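This briefing is meant to be read beside the sequence and the coordinates.

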Amino acid sequence: MASNKNPYLPELVTITNIIEETPNIKSFQVVFNDPERMKTFTFEPGQVGQLSVFGVGESTFVINSPPTRMEYLQFSVMRAGEVTGALHELFPGDQMGLRAPLGNWFPYDTMKGKKILFIGGGIGLAPLRTLILYMLDNRGDYKDITIIYGARTPPDLCYKEDLKDWESRSDVNLILTVDAEYPGWDKRIGFVPTVLNEVAPSPEDTIAITCGPPIMIKFVLQNLAKLNFKDEDIITTLEARMKCGIGICGRCNLGSKYICKDGPVFSLAQLRDFPGVI
Amino acid sequence: MSEVDPKELRIVGFLCNWCSYGGADTAGVSRFKQPTDLRIIRVPCSGRVDPLFIIKALINGADGVLVSGCHPRDCHYSDGNFYARRRLEMLKRLLPFLGIDDKRFHYTWISASEGQRWQKTVTDFTSQIHRLGPLHSGKEAQP
Amino acid sequence: MSLDKLKQIITDVLKDVDVVIGYKQGFDALHATPCFVTKPEQVDEIIWSPLCVQNLAGYLTSLKKKVGIVVKGCDSRTIVQYMQEGLIDRNKVVVIGIPCTGILSVKKVLEKVKHEPVEEVTFGNDGTVIVKTPSGDTKMALSEVAPDKCETCLYPTPVVYDHLADEPIASTKDPQNVFKDVEEFNKKSLEEKKKYWEKEFDRCIRCYACRNACPMCVCQDSCIAETRDPHWISQRSNLTEKMMFHMIHALHLAGRCVECGECERVCPMGIPVNKLKKKINSDMKALFGYEPGVKPEDKPPMLTFSVEEKNIEEHKL
Amino acid sequence: MADTGFIPKEKWGAFIEGLSAKAQVWVPCLEEDIVIFRPYSKERVICFDRPANTPPKGVIFPQSDTLFSFAFTKDPENPQKVMVELEEKLDFPKTIIIGSRPCDAKGFLIYDRPYTQTDTPDPYYKGRREQTTIITMSCQSPSPGCFCTAVGGGPADKVGSDILITEVNTGYFIEAITEKGKEILQQSGAENGSSHEAEARKKQEEVHSRVQDRFCADGKPKISRDLFENDDFWQEELAKCVSCGACTYLCPTCYCFNITDEKTFEKGERIRSWDGCMYTHFTLEASGHNPRPTKYQRFKNRVGHKFIFYPEKYDGVIACCGCGRCIRYCPMSVDISEVVSKLQKQTGSASNGK
């Protein structure tokens with residue numbers, strides 16, 4: 001981010017494609033209006049961007065397409081409030097504002113040569129997806145990749161094409177689950193934390209990366225501890241109400257750290273010294 | 001605010017859907033001549049009109065506000081206009097205290113068949129507002 | 001009023017409630033502050049004097065437990081209004097009433113001593129106050145520095161109580177001129193009144209202290225001034241938005257404001273915020289003969305209606 | 001100190017008038033019994049006797065400030081397509097604040113670190129800050145609730161000001177501190193100040209002695225982490241708080257803000273406005289989850305930010321200037337200095353708090 005540029009002024013982007021992931025989640029593929037910017041734009045997997053619907057407001061979303069596939073930037077939006085509601089009303093061809101990249105990213109260098117365990121819930125797969133695709137595009141750098149992903153019902157599973165692709169690949173171990181029985185669903189049934197216990201991956205030489213609703217994170221972290229994963233080997237990405245995105249406006253702080261600037265990616269070891277968070 | 005030709009003032013009318021809106025419609029169907037300053041907002045019942053609607057209209061650029069509902073005892077929801085009567089009377093007495101002439105706000109009861117009464121109300125109220133002139137000098141009208 | 005008697009009552013009440021809310025000395029000699037007594041040894045901190053200005057009854061709606069509460073006459077009307085609107089469970093509240101002989105307005109005292117830090121405040125029993133500051137003592141009559149609400153106070157003795165800390169006192173004020181100041185103001189020209197409110201509200205910084213200190217504002221966390229889509233008011237800091245917020249506060253208190261004066265007391269910008277509510281109250285009295293927070297069996301006028309309204313005639317154009 | 005001057009009482013009005021010729025001058029004005037910073041004009045009743053009710057932070061960090069405006073235009077060929085143009089405004093007038101207090105001036109230094117010493121500096125704050133000269137008046141007497149000496153400040157502290165003026169009995173002793181201050185001093189036509197320096201120093205020390213050391217003699221309060229993390233302590237201390245936000249809006253070192261879009265039909269603005277951690281909606285998420293839902297968690301974060309987190313991030317600087325406004329104007333007289341003094345007890349550092 002160039003420093004003398006006005007960090008509050010978004011750049012204009014245009015929606016090229018909208019994918020209905022689930023009844024309340026849509027993925028937006030956008031390109032910068034300025035083609036030059038599209039070529040020079042770089043970011044790291046896990047970084048976020050602030051999407052602007054002018055007249056309504058701004059919200060933070062992870063860039064969930066990988067930096068290795070730069071035809072567009074993809075953001076997945078679950079309808080929840082004013083801005084997300086307005087985003088869901090847009091059509092391909094509409095314009096939005098984007099301030100990106102913001103915040104830190106997944107430490108993928110330190111993960112090289114290790115086994116990777118992804119644990120996602122619902123829209124929590126969005127931040128994990130950018131890293132999974134990045135790793136698949138550099139498959140040789142990482143040992144075996146396990147993905148445990150669950151949602152309330154099969155229609156609530158995001159990125160259905162990716163899931164099919166990952167299922168067919170031999171070098172990815174995908175474990176899907178839904179919370180309860182569902183007609184036509186023949187795979188696992190159960191909450192993600194319980195499936196984690198059943199799969200019981202060994203913590204040896206493994207990095208666990210998790211993201212999902214707070215209630216799931218709570219039990220996933222407990223179970224990972226039972227499987228004696230070390231705190232520094234557990235990484236998560238946090239969500240908070242954000243406005244400035246550059247660590248000034250004061251609202252997304254965890255103690256002295258700002259989720260928008262010092263995060264959103266933290267290791268559990270880092271989160272331990274913010275009591276009351278976990 | 002969309003541009004208004006200088007002669008016309010901005011008058012907002014909250015009309016209850018079952019009676020007064022019908023009355024205004026009857027007046028329109030019978031081609032009664034009416035001034036065009038009044039913009040109608042249809043509400044389910046005069047009881048739905050929150051006094052804050054009127055305050056927000058008056059301090060954000062309206063020059064006059066009219067509220068019209070069913071006659072007492074005829075309310076489609078049986079007691080909406082009874083509550084409205086109390087609220088709107090309370091507001092009418094408060095406006096002068098704020099420095100806003102209470103003649104800029106009027107509330108009345110017009111049934112669906114009283115097209116004549118609607119035409120008379122709109123004509124009299126619009127001329128009353130014109131006598132009072134714009135509430136906001138040009139610059140302040142912008143929110 | 002003997003402080004020991006009050007302390008004794010509080011100690012007894014503490015036995016069958018979770019907390020008793022009273023007053024204790026604040027950060028300097030001029031300020032008292034609420035004191036949440038949960039253990040008997042804390043009762044020593046309790047004080048009672050004209051410094052005890054806060055309306056403690058406002059805490060009742062947010063506390064889920066059994067509460068003892070110390071109230072003056074004006075504060076007690078808050079409890080009656082809560083009962084009228086069913087906002088508290090009366091059996092979970094033990095009311096410790098104190099007949100009030102007048103409190104002081106911190107703002108008026110500070111104005112008199114030119115805002116110097118106050119080292120000592122002593123109350124004579126002849127209704128005088130001596131305020132000691134670095135540049136010496138200043139003597140003043142309590143009535144001179146009392147808040148406006150005391151000048152027309154009809155209920156020095158609490159209108160509801162389970163314990164009374166002293167002999168009841170009757171009001172010496174004439175009910176006719178409770179709304180005299182409001183009627184006086186209303187006689188001014190429209191232009192004058194408009195200018196007055198514009199000048200006063202221009203100072204507002206929208207810190208919402210008036211709303212959050214107001215006992216009747218029980219929906220602070222989901223106030224329409226900050227929620228709802230589309231927004232009632234924007235975040236712009238201009239006169240229109242400030243006016244609109246104060247109208248939201250005033251109109252939501254129509255027929256409910258017990259004139260405890262907290263909104264005006266806590267305003268850091270000295271805006272006469274209670275004046276609007278007092279005007280609406282004068283109309284409630286004229287229209288429906290209703291006084292908020294006096295009789296528990298009354299019904300707030302805006303929450304009910306009568307088919308034939310005695311005092312509302314149809315307005316003719 | 002060569003850079004001192006003196007302005008006799010009778011020339012004081014002309015001095016301020018002279019300043020207003022060069023820049024937009026903000027002075028503390030008396031309205032009812034309230035002192036509030038206003039742009040200077042002749043009819044204003046100026047009041048330097050006591051700190052203003054609101055600090056001058058609104059001059060450099062306005063309560064609502066347009067970040068940029070946006071306008072929608074319909075694409076003639078394709079009515080469904082809506083074009084957006086953005087327009088930012090980054091020109092700021094030359095400004096002088098006169099009549100701020102040492103605590104108010106120190107407040108802006110607390111802003112400078114997060115707003116300008118970062119790889120994404122804030123252009124709006126930076127623009128106004130660089131255009132503003134701060135002429136501070138040293139205090140003639142502490143006000144109720146003041147505790148600047150307990151956080152390393154003082155009634156004649158020069159930190160953060162371009163000029164410090166001390167009132168002496170025949171006029172005003174001026175000390176220029178920065179280049180901006182020296183420039184104004186030269187142009188002000190002030191007399192030589194050395195003969196009045198002794199009197200001014202005496203006055204300054206005298207007032208300094210009268211500020212109560214509320215909780216920390218060395219001005220560097222250290223808070224014990226275990227008592228800070230004990231939620232019962234906060235629940236008990238903050239039971240009386242009504243969580244309004246007056247303390248954050250009146251605080252010279254509070255710099256949190258909100259960003260909202262305000263639109264009317266085809267155009268609108270994105271504005272930044274004051275916000276405070278004591279409001280419920282500050283951290284409320286669209287899902288309804290709120291990391292700090294209760295008032296005591298919010299106040300714990302407020303104290304934590306000023307006395308632990310900010311110092312942790314900016315080598316020990318305490319983000320509180322001890323102006324006492326949050327104590328003076330709190331509806332329920334919540335006393336932050338008493339809370340901090342209790343949090344120190346565990347570490348036994350030299351504190352003579354109540």
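In what order do the three strands of the open sheet in chain C run, and is their pairing parallel or antiparallel? The order is 5-6-7, and the pairing is antiparallel. What follows describes a predicted model, for which the predictor gives the complex an ipTM of 0.94 and a pTM of 0.94. Chain C averages a pLDDT of 95, and 100% of the residues of chain C score at least 70.

**The open sheet of chain C**

- In this three-stranded sheet of chain C, the edges are formed by strand 5 (120–123) and strand 7 (136–141), each of which pairs on one side only.
- From one strand to the next, the twist of this sheet averages 20°.
- Strand 5 of chain C is joined to strand 6 (residues 128–133) of chain C by four bridges, and the two strands run in the antiparallel sense.
- Within this part of the chain, C:Phe123 has C:Val129, a residue of strand 6 of chain C, as its bridge partner.

**Strand pairing in chain A**

- Strand 1 (residues 11–22) of chain A and strand 2 (residues 25–32) of chain A form an antiparallel pair over eight bridges, and a hairpin of two residues connects strand 1 to strand 2.
- A:Thr22 has as its bridge partner A:Ile25, which belongs to strand 2 of chain A.
- Strand 2 of chain A also pairs in the antiparallel sense with strand 5 (residues 73–78) of chain A, here over six bridges.
- A:Ile25 therefore takes part in both pairings, being the bridge partner of A:Thr22 and having A:Met78 of strand 5 of chain A as a bridge partner, where two strands count as paired if at least two bridges are found between them.

**Domains of chain A**

- The domain assignment divides chain A into domain 1 (11–102) and domain 2 (115–237), and the C-alpha centres of these two domains of chain A lie 24 Å apart.
- The contact between them draws 16 residues from domain 1 of chain A and 14 residues from domain 2 of chain A.
- On the side of domain 1 of chain A that touches domain 2 of chain A, strand 1 and strand 5 of chain A each supply at least two residues.
- That side of domain 1 of chain A is made up, by class, of eight nonpolar, six polar and two charged residues.

**Domains of chain C**

- Chain C is assigned three domains, namely domain 1 (1–103 + 154–173), domain 2 (104–146) and domain 3 (174–317).
- Between domain 1 and domain 2 of chain C, the C-alpha centres are 24 Å apart, and the contact takes ten residues from domain 1 and twelve residues from domain 2.
- The side of domain 1 of chain C that touches domain 2 of chain C has six nonpolar, three polar and one charged residues.

**Contact between chain C and chain B**

- Chain C gives 25 residues to its contact with chain B, while chain B gives 29 residues.
- On the side of chain C that touches chain B, the elements giving two or more residues are helix 6 (190–202), helix 8 (239–251) and helix 10 (274–288) of chain C.
- Helix 8 of chain C provides the largest share of that side, with six residues.
- By class, the side of chain C that touches chain B divides into 16 nonpolar, three polar and six charged residues.

Definitions and conventions: Residues numbered from 1 in each chain as written. Chains lettered and ligands numbered in written order. Predicted model: local features only at pLDDT ≥ 70, side-chain atom pairs only at ≥ 80, totals over all residues. Contact = placed C-beta atoms within 7 Å. Nonpolar A, V, L, I, M, F, W, Y, C, P; charged D, E, K, R; others polar. pLDDT = per-residue confidence, 0-100. Axes fitted to C-alpha atoms, helices over the stretch in contact; angles between N-to-C directions. Domains from an automatic or database assignment.
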